[in-house]
Amino acid sequence: MQDFGAAFAEAFRLIVSGDAALMEIVLLSLRVTFTAVFFACLIGLPLGAALAVGRFPGRGAITVFVNALMGLPPVVVGLVVYMMLSAAGPLGVLQLLYTPTAMVIAQTILVTPIVAALTRQVVADLNAEYDEYLRSLYLPRGRMMATLLWDARHSLLTAALAGLGRAFAEVGAVMIVGGNINHVTRVMTTAIALETSRGELALALGLGIILVVMSVTINAALMSVRHTAERHVHA
Amino acid sequence: MRDLPVDGDVSGNAAGPRRRDGETLPVVLDQVGYAARDAALIGDLSLTLEGADVTVLMGPNGAGKSLTLRLIAGLLKPTSGTIRWAGRETPLRHSVGLVFQRPVMLRRTVRANLDHALAAYGVPRGARAERIAHLLSLAQLEDRGERPARVLSAGEQQRLSMVRALAADPDLLLLDEPTASLDPQSTAIIEGLVHRAADAGVKTVLVTHQRGQARRMAGEVAFIHRGRLTEVTPARRFFDRPQSDAARAYMAGELLV
Amino acid sequence: MKPIKALAFAAGLLAFAGSAAAEDTFIIVQSTTSTQNSGLYDALLPGFTDKTGIEVRVVAVGTGQAIKNARNCDGDVLLVHAKPAEEKFVADGYGVSRADVMYNDFVIVGPADDPAGIAGASDVGAALGAIGEVQAPFASRGDDSGTHKKELSLWAAAAVDPASASGTWYRETGSGMGATLNTAVGMGAYTITDRATWIAFGNKGDFEIHVEGDAALFNQYGVIAVNPEKCPNVRAEKAQSFIDWLLSQEGQQEIADYTRDGQQLFFPNADPAKVN
């Protein structure tokens, strides 16, 4: 069995040496994931708010559907996006397969249900408090949603973080639509999969350790931002 | 248009024209009933609200006072009977100001709470700062503008929701136990604001359990018991001797539900 | 943020994320995990890119998957190791023509204690027969890859039907070569792998090569340009120049020069008659 110590040593060596290949992979991971989460929020926040306060037919069914999609296996998303973007697929002309954009698209699909479902919950909770007041202002539905989203922004950060965690950690979707091409679409998780298949377990685990450290750092940074901001508004 | 006091109307809208055309008063409730899950919560309630004095809505807990207030505000639709606002089927937008027993504070600064309301009322951005300053002074919250609203004391929060409700320059002010559990200073400021609104021609419906406050504020008293209106009586006569048995028992401290 | 600003920001982000797709100075090669995992491409490709300015993007999957992807026109070049499937690909019109590039061989690896007693055997059929006989655990790719196809043909030649034992001593991992090797090492199972992947593999445990050198274990790699008549989007010219280079003396020499631990992993065998 491989030595865990070797994995930590490998992780440490990679970080300290400022390994150029590692930097490239890390930066692409961050770029793809943050872009995907940005678009997922662009879609998921209004969608979640609409599900929380909207009154339209099919709202219950959509809510169930969105909640169910939270558990969508990344491989399935990857496969669907692959079939859409493949040259033989309906969007083949866009020539997006095996590019970071394809990875962003797949991860956006993966993350949007999480952001939407958590947003729906957070906004519905807040609306229980705000509803009568906002209705007494005769706010149009859109302004009502905007008010709720803005006032729930600190809680919604958690939704975005949950999405970020999922996007950051998944390998199934980006492997299929990105192709794990060196210098083009190789990210942390696909690099870990590759090193595992090469039998370089210490290196793979070392990369895994770096991934965890990055994830913890991002979460801690955003939560401390939230904490500071919350102290400002709620004290 | 009503006669405005010299320093402008109650919300400080001294120069600007009223944004609504028409009035909301009188509000006429005709045999209004409200039922939820087959339980009749309000029954056969008829009441006309007009003028510019304060109608105090009294009655024991669970009698249906808050529900009646929400029906008058148009937040709830009656399940039987009709409500008309100056003959219309819905109140004019922004013609009704509401203050709840537990103030709803947006998770923003005091100033942003007022700004949000003014924006909802369609006050242009450039005109808001002056209005906000005036409203803050009415609530005696001049030095609290940049504070998050939710860190204010209970009294300060209720003063803020009071001027926030007045910001629309409403025809009708609906207050649901606004001073329950507030300190005397905040209570006095809020009562002052109600008097000021009345002077400016605003009709007020005040739900309160505080008899002293009812005596100080009421032009007339509507007494509600088990979802039914037992009497609507001019204040002096009511406090002299309530007309209905339920109100007499309540005032004598004998009627609890 | 104003909606317009937000939209502009979003568009900027998309452009940022999509910047890699801006200009086609690259080709996509659908290939196998064995060539990628062995490190061959890392050694081979920079020379070609320096010379031509064409970047080669390798998608490494199983041979079966690579051929399917190429059938979907999602690649310009196919470089795999399953000759019958490759010839069918060309016959169906998806490939222009097929050329031999290089070969190595498959080996059967297993735990040092060798429960089936096959160490040193030179007849792979007999070795597989022995494994089936004692029902020693055997890890199969089970993923329609070139290695998997080869393995199935070897079982057939040895007149053993492992499929009936699937789930008992015959374990189909449904994964790539590396994952299957990790599994085999973990459970002490025999497995078949190409020599290049084995030499480069870092998690050998106590595993050793038990069977090698049988002519039946020959492993031929072929290269095919995807047919622009079927797939108008392919970068046919660049694809052809890559293939030409691979088959040229220079490309063949580069393949021969690639070693790991002092061992040559691939043996070039392009037909000089086909090379210009």
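## The interface of chain A and chain B

Across the interface of chain A and chain B, 11 residue pairs are in polar contact, both residues at pLDDT 80 or more. The model is a predicted one. Three helices of chain A, α5 (100–136), α6 (141–151) and α10 (201–233), each supply at least two residues of the side that touches chain B. α5(A) gives the most to that side, with eight residues. By class, the side of chain A that touches chain B holds 10 nonpolar, four polar and six charged residues.

Charge also pairs up here. The rule finds four salt bridges across the interface of chain A and chain B. One of them joins A:Glu129 and B:Arg107, with the closest N and O atoms 3.2 Å apart.

Now the extent of the contact. Chain A brings 20 residues and chain B brings 23 residues. Together the two chains bury about 2100 Å², and 54% of that area is on carbon and sulfur atoms. Of the area that chain A buries against chain B, 34% comes from A:Glu132, A:Tyr133 and A:Tyr138, more than from any other three residues.

| Item at the interface of chains A and B | Value |
|---|---|
| Residues from chain A | 20 residues |
| Residues from chain B | 23 residues |
| Buried area | about 2100 Å² |
| Salt bridges | four salt bridges |
| Polar contacts | 11 residue pairs |

How do the other chain pairs stand? Two pairs of chains are in contact, and chains A and C share the most contacts. Chain B and chain C are joined by no contact. Their closest C-alpha atoms lie 15 Å apart.

Notes. Residues are numbered from 1 along each chain as its sequence is written. Chains are lettered from A and ligands numbered from 1 in the order in which they are written. This is a predicted model: local features need pLDDT of at least 70, side-chain atom pairs count only at pLDDT 80 or more; totals for chains, interfaces and linings use all residues. Side-chain values use heavy atoms; hydrogens and water are left out. Contact means heavy atoms within 4.5 Å. Buried area is the accessible area (1.4 Å probe) that two parts lose on being put together, summed over both. A salt bridge is a side-chain nitrogen of Lys or Arg within 4 Å of a carboxyl oxygen of Asp or Glu. A polar contact is a pair of N or O atoms within 3.5 Å; within protein, one must be able to donate a hydrogen and the other to accept it, and residues adjacent in sequence count only if both atoms are side-chain atoms. Helices (H or I, at least four residues) and strands (E, at least two) are DSSP runs, numbered from the N terminus. Ala, Val, Leu, Ile, Met, Phe, Trp, Tyr, Cys and Pro count as nonpolar, Asp, Glu, Lys and Arg as charged, and the others, Gly among them, as polar.
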